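Subject: Structure handover

Hello,

Here is the structure for your files. My notes on what was found in it come after the model.

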Amino acid sequence: MDTTINNTRNKKTLYLSLGSTLVFLIYITFVLNPVSECFKLDSGSNSLGLSFSYNVEMVQNFFAARTQEQLLCYSQFLKVWDVIFALIYTLMYGSWILYLLNKKIYLIAPIIGMISDWSENFFELLMIENWITAGSISKILISVGSNINSFKWIMSSLTYLLIIIGIIIAIKSFLTKKSN
């Protein structure tokens with residue numbers, strides 16, 4: 001009976017993993033990419049959060065290359081669409097970790113990564129506000145935002161590592177069962 005419950009739970013987790021992966025791909029394709037068009041440039045970085053870290057020059061160049069309208073669009077992107085994206089990718093990564101490793105404690109990595117992403121967005125919003133109102137940005141604000149961003153990428157890397165370990169364990173288990 002206990003095995004049946006575990007198998008049912010494992011199937012539900014697999015369906016959640018597959019479903020959230022599908023939602024992740026659909027969201028990137030049909031929501032995230034289209035709504036980010038209003039602040040994209042043909043060359044250079046289109047999001048500060050996609051680099052591992054940033055410095056004063058990078059941030060100033062990023063903002064100086066955009067119109068106020070593009071910065072307001074980027075601000076809206078950070079407030080709404082990127083927040084939703086963090087929820088979706090956390091659900092996806094977390095469900096895969098649960099399915100592959102079956103240990104809830106490992107969910108801490110993607111959850112902390114999501115919180116770091118939201119925190120970094122907050123600091124980027126403060127930078128945008130400073131840039132628009134004063135034409136400059138505090139070095140401390142940039143440093144804190146960059147450090148949070150780096151931490152976010154470390155948590156993302158740990159999340160990817162957990163998933164890779166889970167895949168290796170699943171493959172090893174499959175091959176061991178097959179050879180017996």
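The structure holds one disulfide. This is a predicted model, and in it the bond joins Cys 38 to Cys 73, with an S to S distance of 1.3 Å. A pair of cysteine sulfur atoms counts as a disulfide when the two lie within 2.5 Å, so the pair passes that cut-off at 1.3 Å. The two cysteines are 35 residues apart and sit in distant parts of the chain. Cys 38 lies in the loop between α1 (2–35) and α2 (56–64), while Cys 73 belongs to helix α3.

The accessibility of the two ends is as follows. Cys 38 has a relative accessible area of 35% and is partly exposed. Cys 73 has 16% relative accessibility and therefore counts as buried, because buried means under 20%.

On the overall layout, the protein has five helices and zero strands, so from the N terminus the order of elements reads α-α-α-α-α. Its C-alpha trace spans about 65 × 30 × 25 Å along the principal axes. Of the 180 residues in the protein, 38% are buried.

Next, the packing of α3 against α4. Helix α3 covers residues 68–101 and helix α4 covers residues 108–134. Their axes are 9 Å apart and meet at an angle of about 175°. Angles over 145 degrees count as roughly antiparallel, and α3 and α4 are therefore roughly antiparallel to each other. Sorted by class, the contact of α3 with α4 is made of 18 nonpolar, six polar and four charged residues.

Helix α5 takes in residues 139–179, which is 41 residues. At 1.5 Å a residue it should span 60 Å, and its end C-alpha atoms are 59 Å apart, so the two values agree. The N-terminal end of α5 is capped by Ser 138. A side-chain oxygen of Ser 138 lies 3.1 Å from the backbone nitrogen of Ile 140.

Is Met 58 buried, partly exposed or exposed? With a relative accessible area of 37%, Met 58 is partly exposed. Met 58 and Leu 14 are 44 residues apart along the chain, and their C-alpha atoms are separated by 41 Å.

Regards

Terms used
Residues numbered from 1 in each chain as written. Predicted model: local features only at pLDDT ≥ 70, side-chain atom pairs only at ≥ 80, totals over all residues. Heavy atoms only, no water. Axes fitted to C-alpha atoms, helices over the stretch in contact; angles between N-to-C directions. Helix = DSSP H or I, 4+ residues; strand = E, 2+ residues; numbered from the N terminus. Parallel < 35°, antiparallel > 145°, perpendicular 65-115°, else oblique. Nonpolar A, V, L, I, M, F, W, Y, C, P; charged D, E, K, R; others polar. Expected span 1.5 Å × (residues − 1). Polar contact = N/O pair within 3.5 Å; in protein donor to acceptor, adjacent residues only side chain to side chain. Buried < 20%, exposed > 50% of the residue type's maximum accessible area, 1.4 Å probe, protein only.
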